[in-house]
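Thank you all for making time this morning.

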Amino acid sequence: MPRRLESTPRSDGYHMPAEWERHDGCWMLWPQRRDTWRDGGKPAQRAFVEVASQIARFERVTMGVNRDQYENARAMLPPQVRVVELSNNDAWMRDMGATFVINEQGDLRGVDWRFNAWGGLDKRMYFPWDQDQLVATKMLEIEGIDRYAAPFILEGGSIHVDGEGTLLTTEQCLLHPNRNPQLSRAQIEQGLADYLGIRHIIWLPLGVYEDETDGHVDNICCFTRAGVVVMTWTDDRSDPQYARSAAAYEALMTARDAKGRRLEVQKIHQPAPMTMTPEEASGLDVVDSAFLRPEGERLAGSYINFYIANDAILMPIFGDRQDAAAAQTLAELFPQREIVQIQAREILLGGGNIHCITQQQPAGG
Ligand code: KQY
């Protein structure tokens with residue numbers, strides 16, 4: 001039986017590897033929440049099937065499903081995707097799932113963060129999240145992997161690492177009073193060092209405009225290899241994203257990583273601003289306990305929210321004139337990987353994208 005460990009990954013010689021290191025597989029959760037996914041989740045389910053099917057060409061995929069959707073998910077997903085009953089309140093495996101850490105021998109362990117649905121009851125009101133809080137424990141139990149219970153709130157989408165000691169995040173999210181108001185910045189930095197085995201943090205001020213996660217880094221910037229990052233950009237100075245991307249660019253250009261290197265910073269132009277249509281908004285259930293998502297609301301569209309699979313990049317596209325250029329840039333940044341483009345508006349309507357709905361399990365030694 002897997003153990004709950006009272007030490008920390010850092011003290012035990014574990015660290016979070018980079019996403020481009022070899023995976024054993026990928027974890028996802030099945031969308032059905034009617035106040036997040038329109039039309040009872042059906043359009044999103046089709047998009048998740050496409051993501052899972054494409055990732056399964058490169059690594060094994062496990063889909064966690066609530067019991068009332070088990071048969072439907074099993075029927076919609078191809079046989080090579082493993083479907084397991086795994087209760088959840090919503091489908092953002094990046095944020096609810098375990099973050100895997102590895103040691104020199106290739107042994108794996110999992111970090112189970114505290115989760116409050118992107119800000120608790122203060123603002124977001126994605127109540128309840130009691131089942132989401134248990135997802136990491138259960139996936140580690142299924143895999144027989146020992147677990148560290150981190151004593152602070154963190155979502156997987158709010159961090160990226162280079163696997164060589166550097167972590168990338170945003171002040172907007174990690175220092176937001178709706179996450180860990182009892183902790184100082186220094187204490188948060190210490191927690192990240194202890195539970196992810198990192199030595200150096202690059203702080204970006206803000207995430208993407210109107211990103212309801214309070215600016216998860218995985219929508220604005222990520223490492224593509226050690227020393228190289230790619231970020232979302234706009235040339236339109238009148239767009240509210242301009243100042244955010246410019247501030248991130250400035251921070252990245254003056255940063256050094258854990259090994260003292262300056263970063264190479266690549267840009268991908270964002271898709272044209274997208275908003276929720278009246279038809280899309282009317283397909284959502286309105287409940288008091290959920291964040292209201294009205295028509296006309298700007299969607300936090302970004303090409304940066306891609307998943308690095310074994311030998312492939314799964315990238316969101318939106319039917320936008322920037323799609324082709326974004327795919328070309330990613331092909332240049334990942335010359336050894338197939339670039340798989342997925343129409344991802346239905347995932348974006350829920351508040352995130354492909355990176356947010358996936359969680360890699362590194363290959364052990
Ligand atoms: O990690 C994400 N971007 C998911 C945010 C979802 C918020 C709930 N709709």
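This is a predicted model: local features need pLDDT of at least 70, side-chain atom pairs count only at pLDDT 80 or more; totals for chains, interfaces and linings use all residues.

**A strand, a helix and a strand**

Let me begin with a right-handed β-α-β unit, which is made by β17, helix α10 (residues 323-333) and β18. Helices (H or I, at least four residues) and strands (E, at least two) are DSSP runs, and they are numbered from the N terminus.

Residues are numbered from 1 along each chain as its sequence is written, and side-chain values use heavy atoms, with hydrogens and water left out.

Coming back to strand β17, which covers residues 312-317, six of its six residues are buried, so the strand is largely enclosed by the rest of the structure. By buried I mean under 20% relative accessible area, whereas exposed means over 50% and partly exposed lies in between, using a 1.4 Å probe and protein chains only. In a regular strand the side chains alternate between the two faces of the sheet. In β17 both of these faces are covered, with Ala312, Leu314 and Pro316 buried on one side and Ile313, Met315 and Ile317 buried on the other.

Which strands does β17 pair with? Two strands pair if DSSP finds at least two bridges between them. With strand β16 (residues 307-309) the pairing is antiparallel, over three bridges, and there Ile308 has Ile313 as its bridge partner. These strands, β16 and β17, form a hairpin with two residues between them, and Asp311 in that turn has a positive phi of about 65 degrees. With strand β18 (residues 338-343) β17 runs parallel, joined by six bridges, and the partner of Ile317 in β18 is Gln343.

Gln54 lies in helix α2 (residues 42-55), and at 16% relative accessibility it counts as buried.

**A second hairpin**

The hairpin of β5 and β6 has five residues between the strands, and within it Gly106 takes a positive phi near 85 degrees.

**Backbone details in the loops**

Most residues other than glycine have a negative phi, and most peptide bonds are trans. With that in mind, Phe127 and Pro128 are joined by a cis peptide bond, with omega about -5 degrees, and Pro128 is found in the loop between β6 and α5 (130-143).

The loop between β10 (200-204) and β11 contains Glu210, which has a positive phi of about 65 degrees although it is not a glycine. Asp214 is found in the loop between β10 and β11 too, and its phi is likewise positive, at about 65 degrees. Glu210 is partly exposed, with a relative accessible area of 45%, while Asp214, at 3%, counts as buried.

**The cysteines**

How many disulfides are there? Taking a disulfide as a pair of cysteine sulfur atoms within 2.5 Å, the count comes to zero. For Cys173, the closest cysteine sulfur is in Cys356, 11 Å away, which is too far for a bond. Cys221 is in no disulfide either, as the nearest cysteine sulfur, that of Cys222, is 6.4 Å away. Cys221 lies in strand β11 (residues 221-225) and is buried, with a relative accessible area of 0%. Its C-alpha atom is separated by 4.2 Å from that of Met231, ten residues apart along the chain.

Conventions. A crossover is right-handed if, with the strands pointing away from the viewer, the path from the first strand over the helix to the second runs clockwise.
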